[in-house]
Amino acid sequence: MAANQWTKTPKSFVVMAMVAYLVIASIGSQNIKGIENSIVAVGVSLTLDIILSLIAKRKRIMPDGAVITGLIISLILSTTSSWSIVAATSIISILSKHILVHRKKPIFNPAAFGLLLSILFFQSEQSWWGAFGDLPAWTLVFVLIGGYSATSRVNKFPQVFSFLGTYLAILYIMGILNIGGASDALRSPFINATLFFALFMLTDPPTSPAKVKDQIIFGILTAVVGAVVYGLFGGLMYLFIGLLMGNLYHLLKARSSLNASKHNGKIASA
């Protein structure tokens with residue numbers, strides 16, 4: 001794909017938005033450690049993605065998805081994370097993209113999968129610093145502007161709105177009932193994490209549905225699972241667990257549609 005064509009794709013916009021977030025958050029925090037981690041995450045993700053694509057003998061190698069995965073990892077992991085944890089998280093993410101597949105597409109959002117296992121295996125700290133959780137509240141407008149544009153480019157507004165509406169409604173009810181400190185999830189940096197997650201991770205085209213009805217179900221399921229996990233256990237894993245459950249729904253839905261198509265094809269040819 002020519003460079004001028006690539007710049008018109010949704011992925012190119014996401015890459016540019018995340019690089020901008022990386023720079024803004026680094027300047028705001030007066031800390032370049034996040035940029036150093038991004039170099040490690042993107043470098044490892046990009047290299048491994050190209051190697052695995054060559055091994056699989058893919059005709060077209062487009063590692064821009066690996067760049068996005070690396071950027072997401074570096075924007076979410078704490079800037080205090082060691083380079084080895086950043087690299088290991090990136091490796092897990094890219095391996096999941098190439099190994100856990102259905103019809104040549106990843107089953108799980110690679111970044112969410114890697115970040116979840118990073119918590120479980122390495123007890124990694126995840127501050128979502130790239131969503132400006134440590135900066136003044138007004139900086140959240142950058143996430144909203146970039147996220148709105150990215151969501152528009154992939155036509156995922158039903159998914160985002162169904163997720164946010166369900167998630168916030170459940171947390172509101174939990175807050176009234178004083179369950180699991182739900183009110184904290186509506187404050188910075190948790191609300192920053194939620195919006196970044198909804199606008200840039202939930203909307204990943206290969207691991208989420210295209211049809212409006214399926215998008216709505218996907219968003220609601222992700223929100224319910226995530227909110228319940230947060231209410232019961234707290235911690236940092238709830239958004240990732242919710243998304244991976246949504247990814248599983250998308251897989252099962254795709255398999256069901258494929259089996260129905262094959263069945264109808266057999267009947268038609270009988």
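Buried means under 20% relative accessible area, exposed means over 50%, and partly exposed covers what lies in between. The exercises below use a predicted model.

**Exercise 1. Classify the F121–F122 ring pair, then state how accessible each partner is.**

Start with the wider search. Across the whole structure, 15 aromatic pairs turn up. F121 and F122 form one of them, with ring centres 6.2 Å apart and planes at 75 degrees. Planes over 60 degrees apart count as edge-to-face, so this pair is edge-to-face. Now take accessibility. F121 has a relative accessible area of 52%, so F121 is exposed. F122 has 31%, so F122 is partly exposed.

**Exercise 2. Which helices does the F163–F197 pair link, and are its partners buried or exposed?**

First, the geometry. The ring centres of F163 and F197 lie 5.5 Å apart, and the planes make an angle of 55 degrees. The pair is tilted. Next, the location. F163 sits in helix 8 (residues 157–176) and F197 in helix 9 (residues 190–201). The two are 34 residues apart, and the pair links distant parts of the chain. Last, the accessibility. F163 is at 1%, so F163 is buried. F197 is at 0%, so F197 is buried too.

**Exercise 3. Find the ring cluster and a charge that sits over a ring.**

Follow the ring pairs. They join Y21, W128, F132, W138, F142, F196, F200 and F240 into a cluster. Then look for the charge. The charged end of R153 lies over the F13 ring, 4.2 Å from the ring centre.

**Exercise 4. Describe how helix 8 meets helix 10.**

Step one: distance and angle. The axes of helix 8 and helix 10 (residues 212–233) come within 7 Å and cross at roughly 30 degrees. Step two: orientation. Angles under 35 degrees count as roughly parallel, so helix 8 and helix 10 are roughly parallel to each other. Step three: handedness. Helix 8 passes helix 10 in a right-handed crossing. Step four: the contact. From helix 8 the contributors include F157, S162, F163, T166, I170 and M174. From helix 10 they include V212, I216, G219, A223, A227 and Y230.

**Exercise 5. Where is A182, and which residues does A182 touch?**

A182 lies in the loop between helix 8 and helix 9. Check its accessibility. The value is 2%, so A182 is buried. List the contacts. Leaving out residues up to four places away in sequence, A182 touches L171, M174, G175 and Y230. Compare with I170. A182 and I170 are 12 residues apart in sequence, and their C-alpha atoms are 9.0 Å apart.

**Exercise 6. Where are the positive-phi residues R103 and Q123, and how accessible are they?**

Take R103. Its phi is about 55 degrees, though R103 is not a glycine. R103 lies in the loop between strand 1 (101–102) and strand 2 (105–106). At 61% relative accessible area, R103 is exposed.

Take Q123. Its phi is positive, about 50 degrees, and Q123 is not a glycine either. Q123 lies in the loop between helix 6 (110–122) and helix 7 (140–154). At 57%, Q123 counts as exposed.

Note on methods. Residues are numbered from 1 along each chain as its sequence is written. This is a predicted model: local features need pLDDT of at least 70, side-chain atom pairs count only at pLDDT 80 or more; totals for chains, interfaces and linings use all residues. Side-chain values use heavy atoms; hydrogens and water are left out. Rings of Phe, Tyr and Trp (its six-membered ring) pair if their centres lie within 6.5 Å; planes under 30 degrees apart count as stacked, over 60 as edge-to-face and the rest as tilted. Buried means under 20% relative accessible area, exposed over 50%, partly exposed in between (1.4 Å probe, protein chains only). Helices (H or I, at least four residues) and strands (E, at least two) are DSSP runs, numbered from the N terminus. A charge sits over a ring if NZ of Lys or CZ of Arg is within 6 Å of the ring centre and within 35 degrees of the ring normal. Axes are lines fitted to C-alpha atoms, for helices over the stretch in contact, and angles run from 0 to 180 degrees between N-to-C directions. Angles under 35 degrees count as roughly parallel, over 145 as roughly antiparallel, 65 to 115 as roughly perpendicular and the rest as oblique. A crossing is left-handed if the near helix is turned anticlockwise from the far one by less than a right angle, and right-handed if clockwise. Contact means heavy atoms within 4.5 Å.
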